[in-house]
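Hi,

Here is the structure I promised to pass along.

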Amino acid sequence: MSRTAEITRKTNETNVSCTLCICPGVIAIDTGIGFFDHMLHSLAFHAGWTLDLKAKGDYSVDAHHTVEDVGIVLGSALGECLGDRVGISRFGEAHVPMDEALAFCSVDISGRPFLVYDADMPQSSAGSYDYCLNEEFFRAFAFNSGITLHIKSVYGRNAHHMTESIFKCVARSLRTACALVNDSTCSTKGVL
């Protein structure tokens, strides 16, 4: 398993390129959506990734297509980095506080994509980023990486803090689940 991937996706709506390595290193992100860049930087940093990600989208429509396509590309890159998933821990979970907010995440790198997202936000947006896009990003990410992802905002009053705690707890869960622990597959079936 190389633990490195390069993925590009170009559509009539977006152009996204990503180089991901599951090891700590330089993080460079430019999606044209400031708050989203901030969240992706937190995700990469706390997951222990090297990430170079650039995106251009149809911002005159809104940020939806760009956020979703970044999820598709980053998820595809993670799936490629993990390869046959031999030797990884497979499971990870974390609670992460951010001031008054607390989030929980549990992940299973199972090859069976699924998302459970439970996080109602008290505010609607940060700049050009609508908080409803959190779920769109994580759905695209989970389904394209082949992971089962459960996310819950336990509580909070500030949607910025709540979103940041979500991205960080996903990152911490992935860091644990992606860790190399042996040379076998963590499944009674023998494959993931």
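This is a predicted model: local features need pLDDT of at least 70, side-chain atom pairs count only at pLDDT 80 or more; totals for chains, interfaces and linings use all residues.

Residues are numbered from 1 along each chain as its sequence is written, and side-chain values use heavy atoms, leaving out hydrogens and water.

The protein chain has 4 helices and 10 strands (DSSP runs, H or I of at least four residues for helices and E of at least two for strands, numbered from the N terminus). Their order from the N terminus is β-β-β-α-β-α-β-β-β-β-β-α-β-α. The C-alpha trace spans about 45 × 40 × 30 Å along its principal axes. Of the 192 residues, 52% are buried (under 20% relative accessible area, 1.4 Å probe, protein chains only). Counting contacts (heavy atoms within 4.5 Å) between residues at least 6 apart in sequence, 77% join residues at least 24 apart.

Now to helix α3, residues 133-145. Its 13 residues reach 18 Å from first C-alpha to last, close to the 18 Å expected at 1.5 Å a residue (1.5 Å times one less than the number of residues). L133, N134, F137, F138, A140, F141, A142 and S145 are buried in α3. Their cover includes helices α1 (34-47), α2 (64-82) and α4 (159-178), along with strands β7 (114-118), β9 (129-130) and β10 (148-155). Just after α3, G146 takes a positive phi of about 75°.

Best wishes

Definitions and conventions:
Buried means under 20% relative accessible area, exposed over 50%, partly exposed in between (1.4 Å probe, protein chains only).
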